[in-house]
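Work through the exercises below with the sequence and the three-dimensional view side by side. Try each task before reading its solution.

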Amino acid sequence: MKTLQIDESKAKIIYNTASPELKIMLEDTFGKEFFSQKVTDRIKTYEDACEELGIDPINESFSFINGFTKDEIAYRKIKTITEALNEGWKPNWNDENQKKWMLWFYPNSSSGFVFYSVGYGYLDASTGSGLRLCFKSAELAEYAGKQFLEIYKEFIL
């Protein structure tokens, strides 16, 4: 008999797309409450998103030395955050009925850079934050726009 070892971050990733049988096994091992916490409660920082995906955070000093700019590093962070918040969901660009929620920001002269709104599109290429950075729900999109405003600001401005 062989033993399978899995850490918590990998278990969360697997759980999202697991069969009902595998979900039961994971719940028996880690506890049902371990998987029931909302993603917005688990991911408050970029580092939380990395932990959720089981990856190391980007080394900014190394990236700068290798020619990456601040906006390129911020984009990578936002991609990671988006992937973690979407919990395995990927937009299907061939599905005209699937909503894909995107963020809109507004550069306001009195208060600086602010989260403005969310909107959804089916096959629309016009957006405030980029098609790769869309979310599966309005709730997640709004959360990301507010929670990670400074990272979006570094990316967009």
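**Exercise 1.** Is Thr80 buried or exposed?

*Solution.* Before starting, note that this is a predicted model, in which local features need pLDDT of at least 70 and side-chain atom pairs count only at pLDDT 80 or more, while totals for chains, interfaces and linings use all residues. Residues are numbered from 1 along each chain as its sequence is written, and side-chain values use heavy atoms, with hydrogens and water left out. The cut-offs come next: buried means under 20% relative accessible area, exposed over 50%, and partly exposed in between, using a 1.4 Å probe and protein chains only. Thr80 has a relative accessibility of 2%, and therefore counts as buried.

**Exercise 2.** Where is Thr80 placed, and which residues is Thr80 in contact with, leaving aside its neighbours within four places in sequence?

*Solution.* Begin with the helix: Thr80 belongs to α7, residues 70-85, where helices are DSSP runs of H or I with at least four residues, strands are runs of E with at least two, and both are numbered from the N terminus. Then look for contacts, meaning heavy atoms within 4.5 Å; with those sequence neighbours left aside, Thr80 is in contact with Tyr46, Ala49, Cys50, Leu53 and Ile55. Finally, the side chain of Thr80 reaches the backbone oxygen of Arg76 at 3.0 Å.

**Exercise 3.** How do the axes of α1 and α5 cross?

*Solution.* Two packed helices are described by the angle between their axes and the distance between the axes. Here the axes are lines fitted to C-alpha atoms over the stretch in contact, with angles from 0 to 180 degrees between N-to-C directions. The axes of α1 (residues 8-17) and α5 come within 6 Å and cross at roughly 75°. Therefore α1 is roughly perpendicular to α5, given that angles of 65 to 115 degrees count as roughly perpendicular, under 35 as roughly parallel, over 145 as roughly antiparallel and the rest as oblique. On the α1 side, Ser9, Lys10, Lys12 and Ile13 meet Glu51, Glu52 and Leu53 in α5.

**Exercise 4.** Is Phe68 buried, exposed or partly exposed, and where is Phe68 found?

*Solution.* By the cut-offs of the opening exercise, Phe68 counts as partly exposed, because its relative accessibility is 44%. Phe68 is found in the loop between α6 (60-65) and α7, and, not counting residues up to four places away in sequence, Phe68 touches Ser63 and Ile73.

Key:
Polar contact = N/O pair within 3.5 Å; in protein donor to acceptor, adjacent residues only side chain to side chain.
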